[in-house]
Every structure is written in C-alpha cells, then in structure tokens.
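Please read them with the coordinates open.

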Amino acid sequence: MNNIKMQTKFDYKTMKYLNLYLMKYKRKTILLYIILIVFSLGVGTYLFISSLKSENGPNYIWPVAFGLITAYTIFQMVTIERNLDKHLRNYFRTRPLLTEVIELDSEKITITVCTRPNKPQEYDWAFVSEICELPGYYFLFLTNNTPIILEKNLEAFLEGDFEELQALIKEKCETKPYKVLNKEIVKRPIPEINYIDPVIEEEVASESSDAVEAEVLEETTVTSEATEEAKPEEVIEEATSEENTSEENTSKEVEEEAKEE
C-alpha cells in the first residue's frame, strides 16, 4: 500500500467536532448531567416528603434548593454547544491556526506540526487503541488518549486519496476497537474566523551557535507535539516532555470553561 500524506487544520470546525465528540460520546457528559438531575430531583423530593411528617410542617427550603440545582443542570446540558462556541471564539482571538502533516502507511504514523517542521514524531500503529469515524473525520486515539485527527475532505490529501485511507483504516480496524457515528453532531453554524498566523520554529545551522528557536505559545501546541492524553478521559493527562503540550489539553481547557459557563 502506498503512503498516504494528509494535512489537518486545527481550525474552529475541527476543534468543535473534536470537543463535542469528546464531551457527548467519549466522556459521556450528557449522561453525567442526567445522573445529576435524577439525583437532585430524588433528594429534593425525599426531603420534602420527609418534612411533611414533621411537627413543624412542610419544609420548602431543600426542595427549592435542589430544584434550582436541577434547573441549572438542565440549562447547562442543553447549552453545551452554545457555550463551546463562545469559548472557541475567545480561544481563537489569541491563538494561531495550527496545522500538522500526517503520513500513514501500514507500519507507522508520522506527524509533523507546522511550528516544528524539523521535528516529526512517529507512532507505531500498535499505539493506536481506538478508531472513531464521524461523517467528516477519523479520530485515532493513542493509548494515552491523544487523538490524531484525519479529515475526510479531499483537499486534505497531499498524497494518496480517500479510497486508500479507507482501505488502511479497514485493515487496522480488524484488530482495534472501531466506532462509527453516522449522525451530525454539530447543530449550530460554523462562524468565519480571522486566524492568527503561527510562529514557526527555525533551526539555524551555525558552527559557532546552537539552533535558534522562535517563541511558540505553550497553550497552542496540538496533538502531535506530545504523546499526551487528549482529548478524550476522554483524553488528557501528562505530556512526555515539557515543551510538547497536547491538543488534548487545549480541548479539556475549552470544555471545562464551557461547562463552568
């Protein structure tokens, strides 16, 4: 099988699909909300019924308190995407649009981030623990839950084509968990964003000096810069080096801010 070479842009659309998938289907945020709602309703109802047997008469304080908790939780659950949109807009006001080139063959996956063109990272297929397919993407989750994102868009292919990618994924799915989500998970429109250009690290060859690195914002490094848990428990734990920070951290940061909102 020929090598496949693709480019993934970590733009608003990609970040939104990734975070929504992580929250709704991998971390099962909706299920957690439902559990909290049922718990609040149950405790509030129990306390109210118990107060009816009291000599002081019914106590409405706890039922009202748990009712407010229930209402707030329902509001957060139904506004997940809206809150995510808000924080993604804020995120891209100060972060550049990063891209990475991904080369795949039957043996390994090689990722080169635009900010570090001379430092590609290689992952054997054995480190891919799960493959998820969405209408527009493949998400390959490494053993530490770091996601590798492959766009199905024909413009993403630098070498090879979608049929070759499908064949490779089909081959690897025979020995790995494979999930397919056929429905559209994004309901709100994707806005137009004026992205900031990334700072590219350049190595200067010199006999009298070491390589010179341009400043790169820590929080903006993406998945391939570290073997760190991504996005996904969905995805987010420790980086293997200090200067390599995963896109998974970026996803978790955006998700936590959206929940707090």
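1. A definition is needed for what follows: a polar contact is a pair of N or O atoms within 3.5 Å, and within protein one of the two must be able to donate a hydrogen and the other to accept it. The side chain of K172 meets this cut-off, reaching the backbone oxygen of S106 at 2.6 Å. Please keep in mind throughout that the model is predicted.

2. Where does K172 sit? The residue is found in helix 5 (residues 162–173). Its relative accessibility is 11%, so K172 counts as buried, the limit for that class being under 20%. Leaving aside residues up to four places away in sequence, K172 touches S106, W125 and I131.

3. Buried residues in helix 5 are F162, L165, L168, I169, K172 and C173. They cover an arc of only 135° around the axis, and this places them on the same side of helix 5. The face turned away from that buried side carries E163 and K170, which are exposed.

4. Which residue caps the N-terminal end of helix 5? The cap is D161, with a side-chain oxygen 3.3 Å from the backbone nitrogen of E163.

5. Helix 3 (residues 61–78) also passes the length check. Its 18 residues should span 26 Å at 1.5 Å a residue, and the end C-alpha atoms are 26 Å apart, which agrees. F66, T70, T73 and Q76 are the buried residues of helix 3. Seen down the helix axis, these fall within an arc of 125°, so they line one face of helix 3. On the other side of helix 3, the exposed residues are I61, L68 and V78.

6. How do helix 3 and helix 4 (residues 80–94) cross? Their axes come within 4 Å, at an angle of roughly 65°. Helix 3 contributes F75, Q76, M77 and V78 to the contact, and helix 4 contributes I80, R82 and N83. By class, the residues of this contact divide into 4 nonpolar, 2 polar and 1 charged.

7. For helix 2 (residues 29–52), the 24 residues should span 34 Å at 1.5 Å a residue; the end C-alpha atoms are 35 Å apart, which agrees. The buried residues in helix 2 are T29, Y33, I37, S40, G44 and S51.

8. Is R95 buried or exposed? With a relative accessible area of 12%, R95 is buried. R95 is found in the loop between helix 4 and strand 2 (99–104). A polar contact of 3.1 Å joins its side chain to the side chain of T94.

9. E122 lies in strand 4 (residues 121–124). This residue is exposed, with a relative accessible area of 55%, the class being set at over 50%. E122 and T110 are 12 residues apart in sequence, while their C-alpha atoms are 4.3 Å apart in space. Not counting residues up to four places away in sequence, E122 touches K108, I109 and T110.

Note on methods. Residues numbered from 1 in each chain as written. Predicted model: local features only at pLDDT ≥ 70, side-chain atom pairs only at ≥ 80, totals over all residues. Heavy atoms only, no water. Helix = DSSP H or I, 4+ residues; strand = E, 2+ residues; numbered from the N terminus. Expected span 1.5 Å × (residues − 1). Buried < 20%, exposed > 50% of the residue type's maximum accessible area, 1.4 Å probe, protein only. Arc of directions from axis to C-beta. Axes fitted to C-alpha atoms, helices over the stretch in contact; angles between N-to-C directions. Contact = heavy atoms within 4.5 Å. Nonpolar A, V, L, I, M, F, W, Y, C, P; charged D, E, K, R; others polar.
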